[in-house]
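Welcome, and please take a moment to look over the model below.

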Amino acid sequence: MRRALGALALSASMVLVPVSGTAVAASPPHTIVTDGAKLAGIRQAIRGGHATTAQREALKVVLDKANTALTAGPWSVMDKPSAPPSGDKHDYTSQAPYWWASQPKTPENPQGCPYVSKDGQRNPEADAITDHTYRMWAWDAMYYLSLAWYYTGDAKYAKRAALDIRTWFLDPATRMNPNMTYSQIVPCRNTVSGTGIIDSTQSFSQLMDAFALLDGGAPGWTGKDRSGIKAWLTRYLDWMQTSPQAKLELAATNNHGIFLDMQNATISAYLGKRSEAKKIVLDAEQKRFPVQFAADGSQPLELSRTMSWHYVNFNLTAWGRMAEVGKNLGVDVWKYRTANGVTLRKVVDQLIPGALHGAEAWPHQQIGVFDQSIAADIFHAAADEAHDTDAAAALKQMPLPAGGDTWPVRVSCFPLDPPLR
């Protein structure tokens, strides 16, 4: 039975593969969304017995998740109960989560057409198609297993990550086709929409780092695997830049647009197309900053949503990742300033009252739970990369993620959990 990843009640056994010498310096991994030099330094500290308390605690959480992933999955798009409109179960498929039947379901109208949007209210019907959930579990597993291998050197993590990757992306019997044509379908409608691409963009970039870590000599990750995943990504990137759905999504002015830019930049960078990736980052600064961010640092497009706290943080997750991609390409997104004076740091600091005091300090609509801790990663990023002392101070006072703060060993913004749209 497949299980989601989560923190285990029991402690993970931290098995570090012996290395010659107390601590061995190694070349930094060629990660895309993370500073490889930071990861190498953390690994050296861990293996040399000099890790900080925060790093040791974060590593335990990562290993808990990786140990769960050793026996969960592997997952495949072929496991869904029915085929998409193409008739090919290899095509990823999901249902738009915020759309609901507006009429009673009858023999004459079995779907209850037409469907109408209820922003922020998830329709449980969407969970009947398993691709969305399995994609989330599989991609998280690949990331945590790869990171666990990198820090511990234990081959079991790398081999399991390779199995999960081959099952989802490479095995002819189980692989996903490199497109998102049928993502977030709205029942009763046949119009082309790009919004479903967010199923991919909100978390796909973490896989570029997983692949990069495994590329550093991981057991079970072969040359054939590396060439296979690069071929798959080449086709995926083409679809993400030229398909009708992608063109609509690239034109989106809110979080959807920056997430697709960020995903395309990470894929391009992993494929060695550094100039193309750098252009995406530079274009995003000039095109999206003035539209997404007001002079006071607020995010009008996200504040208009019924879950405004979630969405301002969701949008900044994309920007935090874009900033790291930019750093690895020689672009400092944190220093970018628009004509009206807004910077990414200023946008981040707008969230501090909500992170410290919750809904009472957030004068915007947020239906459902107000989770202050979801701001932690972007505060870490601002503190580390922009020397934001206000964000650093907030981190010491605000609630941190219930499952444990894994930033000290991840050092990159992670997709919000659960991933909402």
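## Rings, helices and buried residues

The charged end of Arg135 sits over the ring of Trp139, 5.5 Å from the ring centre. That description applies when NZ of Lys or CZ of Arg is within 6 Å of the ring centre and within 35 degrees of the ring normal. Arg305 likewise lies over the face of Tyr311, at 4.0 Å from the ring centre.

A word on the source: this is a predicted model, in which local features need pLDDT of at least 70 and side-chain atom pairs count only at pLDDT 80 or more, while totals for chains, interfaces and linings use all residues. Residues are numbered from 1 along each chain as its sequence is written, and side-chain values use heavy atoms, leaving out hydrogens and water.

The structure holds 24 aromatic pairs. Rings of Phe, Tyr and Trp (its six-membered ring) pair if their centres lie within 6.5 Å; planes under 30 degrees apart count as stacked, over 60 as edge-to-face and the rest as tilted. Here are two of the pairs:

| Pair | Centre distance | Plane angle | Kind |
|---|---|---|---|
| Trp139 and Phe204 | 5.0 Å | 65 degrees | edge-to-face |
| Trp232 and Tyr236 | 4.5 Å | 35 degrees | tilted |

Trp139 lies in helix H3 (residues 131-152) and Phe204 in the loop between helices H5 (198-201) and H6 (205-214), so their pair ties together parts that are 65 residues apart in sequence. Helices here are DSSP runs (H or I, at least four residues), numbered from the N terminus. Trp232 and Tyr236, by contrast, both belong to helix H7 (residues 223-242), four residues apart, about one turn of the helix.

Phe204 is buried at 0%, Trp232 at 5% and Tyr236 at 0%.

Ala161, found in helix H4 (residues 155-170), is buried too, with a relative accessible area of 0%. Not counting residues up to four places away in sequence, Ala161 touches Met142, Leu145, Ser146 and Leu214, contact meaning heavy atoms within 4.5 Å.

Finally, consider helix H9. 16 of its 16 residues are buried, so H9 is largely enclosed by the rest of the structure. H9 is followed by Gly272, whose phi is positive, near 90 degrees.

How values were computed:
Buried < 20%, exposed > 50% of the residue type's maximum accessible area, 1.4 Å probe, protein only. Helix = DSSP H or I, 4+ residues; strand = E, 2+ residues; numbered from the N terminus.
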